[in-house]
Amino acid sequence: MTSTTRPFLNRRLAEFGTTIFAEMSALALRTGSINLGQGFPDTDGPEEIREAAVRALRDGRGNQYPPGPGVPELRTAVAAHQRRYYGLSYDPDTEVLVTAGATEAIAATLLALLEPGDEVIALEPYYDSYAACIAMAGGTRVPVTLRPHEGAFRLDLDELRAAVTDRTRLLLLNTPHNPTGTVLTRAELTAIAELAVERDLLVVTDEVYEHLVFDPAGHIPLATFPGMRERTVTISSSGKTFSYTGWKVGWVTGTAELVTAVRSAKQFLTYVSSGPFQYAVAEALALPNTYFEGFRADMQAKRDLLSAGLTDAGFTVFQPTGTYFVTADIRPLGESDGLAFCRALPERAGVVAIPNAVFYDHREAGAPYVRFAFCKRVEVLADAAERLRKAFAH
């Protein structure tokens, strides 16, 4: 006989309901609003990459289970990409693992590396799956808050050092950072690397926006710093860079020991996925520099368009140096509750955004901030900007 007195959802996941993305996307659909909430493009990526996927399907490559670690072509392409852009050398056979997007890579990594009670330091605000994955692994999340400073969200290194205890197992970093658009500087990364070595910590880095950096300094992987290659699991994916988010092709790079550990968990999640798309992404990673430069320039122009529109509407804008999100402060509009603001925004302006507070443990720290995605067509962004101006500009 089934008992109905005990909750069906286990207590590790009890705090996680329907994601804010599902709520806001449903709201966009119901109201016919422009959806600048969820971070997916409204156009497809390069035609030659789509055709590579079609070719793989027709040639019968990937229509059955691909190899557990990923097809050799993609693992080789990932290793070549890391060497080409960052000078990092990985063995494609033992130090690269293909996953069902970066989300599975994060889940498998935390499930593999954490014991119940281990503490995980994450920079808040953080992508919502981080908290859920830490909980599923039995870990304890310890947030270190990025705080507004001179027009950007910055890391307090003293606060980070103070958060490390004898129970800290790993640091979970995201740079370029979603949702704030912050890109950690070389000085910040140097200090993080020194702390990790000093306290013998593992580090998991989510670098899915690695090719969307607008600062001339660019993206610097933590694994390139002294003492870090052997203790860093680097995660990235194809969705953000090539605008095929539905393909769900991600990867992990690290030492053979770390990658083997992650694969031990990953094999019991999806086992394998995205067979034909793996071959297409292998070709995408070998695209010439002109593709990556053009992609970045296009997104920077869209960032500037939306940022200007938000500023004209009366928001205070934090100009992102990476990702395809811009965070805005609603207090100049006489508002302070981002969640209430975002729930009312579709009716007020015909636009959907995401309240940053849902990405915080310390909800009050994120209460006045909202996130807009600019990975949309120029005409859509211009329309959204005009709607916001009409709704709020005086």
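Predicted model: local features only at pLDDT ≥ 70, side-chain atom pairs only at ≥ 80, totals over all residues.
In which sense do S7 and strand S8 pair, and over how many bridges?

Now the answer. S7 and S8, which covers residues 202-206, pair in the parallel sense, over five bridges.

S7 itself runs over residues 168-174. The strand is mostly covered, with six of its seven residues buried. S7 also pairs with strand S3, residues 119-124. That pairing is parallel too, over four bridges. Look for glutamate 119 here: its bridge partner in S7 is threonine 168.

Next, the helix that goes with these strands. Helix H7 spans residues 186-198. Together, S7, H7 and S8 make a β-α-β unit, and the unit is right-handed.

On to the aromatic rings. How many aromatic pairs does a search of the whole structure find? The count is 24. Let me show you two of them.

Start with tyrosine 244 and tryptophan 247. Their ring centres are 4.2 Å apart and their planes stand at 10 degrees. Stacked means planes under 30 degrees apart, so this pair is stacked. Are these two residues buried or exposed? Both tyrosine 244 and tryptophan 247 are buried.

The second pair is tyrosine 291 with phenylalanine 295. Here the centres lie 5.9 Å apart, with the planes at 10 degrees, so this pair is stacked as well. Where do they sit? Both are in helix H11, residues 289-313. They are four residues apart, about one turn of the helix.

Why does tyrosine 291 count as buried? Its relative accessibility is 19%, and the cut-off for buried is under 20%. Phenylalanine 295 has 9% relative accessibility, so it counts as buried too.

These two rings also belong to a cluster. Ring pairs link Tyr291 and Phe295 with Tyr85, Tyr86, Phe242 and Phe292.

Last stop: charges over rings. Which residue lies over the face of phenylalanine 325? That is arginine 371, at 3.6 Å from the ring centre. Then go to phenylalanine 40. The charged end of lysine 376 sits over that ring, 4.2 Å from its centre.

To recap. S7 pairs in the parallel sense with S3 and with S8. Tyrosine 244 and tryptophan 247 are stacked, and so are tyrosine 291 and phenylalanine 295. Arginine 371 lies over phenylalanine 325, and lysine 376 has its charged end over phenylalanine 40. Thank you.

How values were computed
Residues numbered from 1 in each chain as written. Heavy atoms only, no water. Phe/Tyr/Trp six-rings, centres within 6.5 Å; stacked < 30°, edge-to-face > 60°. Buried < 20%, exposed > 50% of the residue type's maximum accessible area, 1.4 Å probe, protein only. Helix = DSSP H or I, 4+ residues; strand = E, 2+ residues; numbered from the N terminus. Lys NZ or Arg CZ within 6 Å of the ring centre and 35° of its normal. Pairing = 2+ DSSP bridges. Right-handed = clockwise from strand over helix to strand, strands pointing away.
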